[in-house]
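Visitor: I'd like to learn how to read a structure like this. Could you walk me through it?

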Amino acid sequence: MSDETLPVATALRHKDLLAISDMTPEEIRLVLDTAEAMKEIGSRTIKKVPALRGKTVVNLFFEPSTRTRTSFEIAEKRLSADTLNIAIASSSVVKGETLADTALTLEAMNPDMIVLRHSSSGAAHLLSRICKSSIINAGDGTHEHPTQALLDAYTIRSRKGGIAGLKVAIVGDLLHSRVLRSNVHLLTKLGAEVWVCGPPTLIPVDIARLGVKVTHRVDEAVEGADVIMLLRIQLERMQGAYFPSLREYFSVFGMTEARVKRAKDDVIIMHPGPMNRGVEIASEVADGPFSVILDQVANGVAVRMAVLYLLAGGVEHHEEAA
Amino acid sequence: MPIVMDADRIGRALTRIAHEIVERNKSLDGIALVGIRTRGVHIARRLAKALQDITGQEIPTGALDITLYRDDLMRHTVGPQPLVRLTEIPFSIDDRRILLVDDVLYTGRTIRAALDALIDFGRPKVIQLVVLVDRGHRELPIKADYVGKNIPTSAAESVQVRLQETDGVDDVTLQQEGA
Amino acid sequence: MKKLLKGGRVVDPSTGRDGQFDVLIEGDRIAKIGKNLPIDGAEVVEIPAGYVIAPGLIDMHVHLREPGQEHKETVATGTMAAVAGGFTAVACMPNTTPINDNANVTSYIVAKAREANLARVYPIGAVSRGSKGELLADIAELREAGCVALSDDGWPVRTALMMRRALEYAGMFGMPVIDHCEDPSLRADGVAHEGCCAGLLGLKGIPAAAESIMAERDILLAELTGSAVHIAHMSARTSLRAVRKGKEAGIRVTSEVTPHHFTLTDDYLNAPIPYDTNTKMNPPLREVADRDSMIAGIADGSIDCIATDHAPHHYDEKKVEFDHAPFGIVGLETAVSLTFDRLVHAGVINMSRMVGLLSTNPARILNIPGGTLAEGALADITILAPDMTVRVAAASMKTRSKNMPFEGWELRGGVAATIVGGRTLFNNPDAGLTV
């Protein structure tokens with residue numbers, strides 16, 4: 001249970017969920033608290049409530065993502081929304097219809113919400129300017145993946161009781177990670193001490209300006225950590241000369257049992273998936289007692305239900321960019 | 001702001017209801033209390049204690065949030081969503097006799113939502129309704145089985161129940177709407 | 001046909017004039033400049049107090065898109081935008097379709113310009129065939145057909161060797177080589193300045209070093225060859241450092257800066273409109289220190305020109321994901337107002353320096369007529385209204401494309417009238433004078 005004395009917003013301020021950077025700590029707490037109630041629904045025999053009956057939610061995915069799409073779809077169905085999955089290969093988009101035209105076509109069918117996954121940063125912002133429906137960003141390029149950060153925060157909070165004051169070490173490909181950006185915004189807003197670690201080639205310029213500590217020494221990052229979060233290393237990065245080999249990456253940055261020992265005794269190990277075993281994380285750690293990786297998946301449904309529910313009401317005054 | 005029930009009256013009403021429950025149910029085996037959030041939960045817990053005082057039996061007690069079942073949800077095109085709170089029913093309701101508890105019975109719409117919600121948890125043998133106050137003006141065919149006090153009201157009035165657990169004081173007041 | 005401009009402040013660095021003078025235009029020439037010239041049958045135009053009579057402004061870096069991309073702009077619409085923006089002449093880059101790497105394309109552009117009969121058009125020819133950086137274009141023929149300079153703009157001159165040869169060969173004709181400085185491997189698939197803002201927004205970065213490394217190369221090669229190199233649309237403070245050092249060493253290097261690079265920074269990627277594709281240009285909007293450094297370079301004379309890099313794109317092309325949008329914004333019709341507002345009224349430069357940056361210097365670098373109000377010179381004249389309030393509105397612009405991030409901006413300073421060869425081609429209805 002959450003601490004009911006914490007300040008909690010009574011509603012989200014925007015019609016869309018585009019980025020954690022737009023959210024206040026109070027809004028984040030509202031989502032997390034609502035997710036607590038949603039989590040219980042998943043434990044019932046009949047895992048369905050009528051809240052979004054008659055609402056249409058389009059899952060518009062321009063990148064393959066079994067994990068996120070499935071999670072959203074289950075969340076939508078548990079809330080009784082009508083769901084529609086549209087998967088479009090990015091390659092065909094270049095030749096065919098523009099994103100703006102796809103959005104307008106969908107919009108003409110009057111959906112209530114569009115869940116968008118796209119390979120270009122800012123695609124969700126573009127859609128939100130075109131559409132009256134609520135846009136939920138399910139990952140845009142290397143920008144943000146807000147529901148992932150929310151479910152990570154939910155997982156941390158349910159294990160640790162809170163987030164403020166925790167040492168969180170994030171290790172991996174920081175440059176190409178939308179999960180990183182969302183998590184850094186969220187965790188710093190809620191008062192965690194965030195350390196990021198990876199090879200200099202995979203760290204965004206000026207990341208320290210977001211209030212995180214940067215290190216290239218993984219031992220320093222995990223020392224006394226309450227939470228260790230690993231980020232996926234994509235195999236194609238080797239071709240971009242970001243690092244010499246997967247073997248070398250694992251030996252310098254891979255999360256092994258020995259490295260985990262430097263963290264707190266009750267450390268939790270997180271990974272947004274899909275994992276590369278033996279690259280960013282040793283199997284013994286992924287499958288070990290500190291791993292909460294499957295909790296993250298379970299909590300994802302509850303957090304997405306919360307977001308869907310909270311956005312379904314709409315907002316009375318759309319705040320437009322000047 | 002006339003007080004229609006004070007702490008003492010509320011206490012006596014709940015004790016009376018507890019006795020009625022014992023009288024009407026041959027045994028308390030298989031009985032459970034489910035309070036509707038927020039104040040129904042506290043009333044249910046008080047009833048559980050009263051029942052335990054009378055019979056020595058511990059009655060399982062749960063909390064039900066009916067927000068996601070409300071029939072006015074999404075009826076307004078825009079506006080903030082009502083807060084959803086945790087539902088906690090840590091027991092199976094299948095084949096149990098459920099005493100559904102709320103503070104005020106008015107239109108009956110909350111109870112309708114609560115019945116739908118309960119059915120999603122299983123198939124109880126019986127559901128009975130307990131309310132502290134029945135103020136009339138039903139819009140659905142719903143009737144309470146146990147009533148602390150019937151308070152005739154006009155539609156322009158509102159009934160406010162305050163409880164120690166949430167408001168620091170026990171009383172029921174009648175207010176003119178908009179006053 | 002005689003016209004007497006009476007009562008204006010003449011600012012002409014080429015003759016050192018700055019003061020109250022009358023200007024007598026006869027036919028397409030400036031007949032006389034002096035105090036209280038006799039009317040002698042001329043049509044008299046009373047210039048309101050405070051207005052400035054300047055030699056016609058010259059934009060040495062525009063994209064007119066014709067031939068081949070007429071949906072974005074044509075020579076006619078582009079030169080109409082030019083005169084509306086106070087420019088009596090423009091130099092257009094060769095990255096048309098086909099590339100202006102041969103006399104046929106140049107002649108086509110020249111013919112279109114004559115047909116439009118608005119601002120003068122000086123084509124810039126490609127350095128290399130197809131701007132591919134492999135073989136030199138037919139430079140003598142390009143020159144013969146009307147090209148005044150060479151550039152592979154849109155891309156850098158690909159190799160150091162090609163740049164060396166181009167400088168050597170073009171030097172023979174006294175043509176400057178204008179380089180779009182950008183190391184392709186460092187730029188990679190970047191879409192925004194590599195810095196905090198791009199990092200936050202998850203946009204792939206183009207480091208400032210991508211520009212500066214090639215500016216350094218070009219300056220070294222200008223030194224080696226003794227020819228003139230001009231650094232196009234400079235944006236990075238490290239490039240400016242290279243230009244300053246080159247000038248100190250006596251190397252023939254000049255440079256230009258766009259109004260957007262002395263006005264905007266990469267903060268505009270995120271606000272007021274996040275991922276606004278009208279903030280996507282190449283070189284990208286840099287960080288505050290770079291923008292401030294460009295202003296300092298303009299103030300101290302290290303930077304020679306203001307050029308717009310006017311880059312029209314159809315709205316369809318810009319209404320896409322940031323990654324997929326083309327680079328560039330239109331600039332012909334906002335340059336004067338931004339220069340007034342951000343530089344003159346901000347106290348960075350005086351009126352005379354503004355005219356130098358927008359007229360005298362580009363004329364000198366390109367070695368073209370204009371840039372002067374000397375008696376006997378072409379009557380290419382821009383009348384400026386330094387205190388006019390201008391509200392930027394795409395809807396009232398003449399350019400065919402409307403891609404720019406300044407919509408709704410209120411700026412102090414504008415263009416009152418534009419005269420090309422003695423003909424008034426633009427007369428701002430808000431200016432309160434009829435020329």
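**Where two chains meet**

Visitor: How many residues of chain A and chain C are in contact?

Guide: Contact counts heavy atoms within 4.5 Å. Here 23 residues of chain A touch 19 residues of chain C. Keep in mind that this is a predicted model.

Visitor: And how do I read the area there? What do chain A and chain C bury between them?

Guide: Buried area is what two parts lose in accessible area on being put together, summed over both. For chain A and chain C that comes to about 1,700 Å², with 62% of it on carbon and sulfur atoms. On the chain A side, Ser121(A), Arg129(A) and Val205(A) supply 25% of the area buried against chain C, more than any other three residues.

Visitor: What is chain C built from, in helices and strands?

Guide: Chain C has 13 helices and 20 strands. Among its contacts with a separation of 6 or more, 75% join residues 24 or more positions apart.

Visitor: How much of chain C is buried?

Guide: Buried means under 20% relative accessible area, and 64% of the 435 residues of chain C qualify. The accessible surface of chain C is about 15,000 Å², 51% of it belonging to carbon and sulfur atoms.

Note on methods: Residues numbered from 1 in each chain as written. Chains lettered and ligands numbered in written order. Predicted model: local features only at pLDDT ≥ 70, side-chain atom pairs only at ≥ 80, totals over all residues. Heavy atoms only, no water. Helix = DSSP H or I, 4+ residues; strand = E, 2+ residues; numbered from the N terminus. Buried < 20%, exposed > 50% of the residue type's maximum accessible area, 1.4 Å probe, protein only. Areas by Shrake-Rupley, 256 points an atom, 1.4 Å probe, with all protein chains shown as cover. Buried area = accessible area lost by both parts, 1.4 Å probe.
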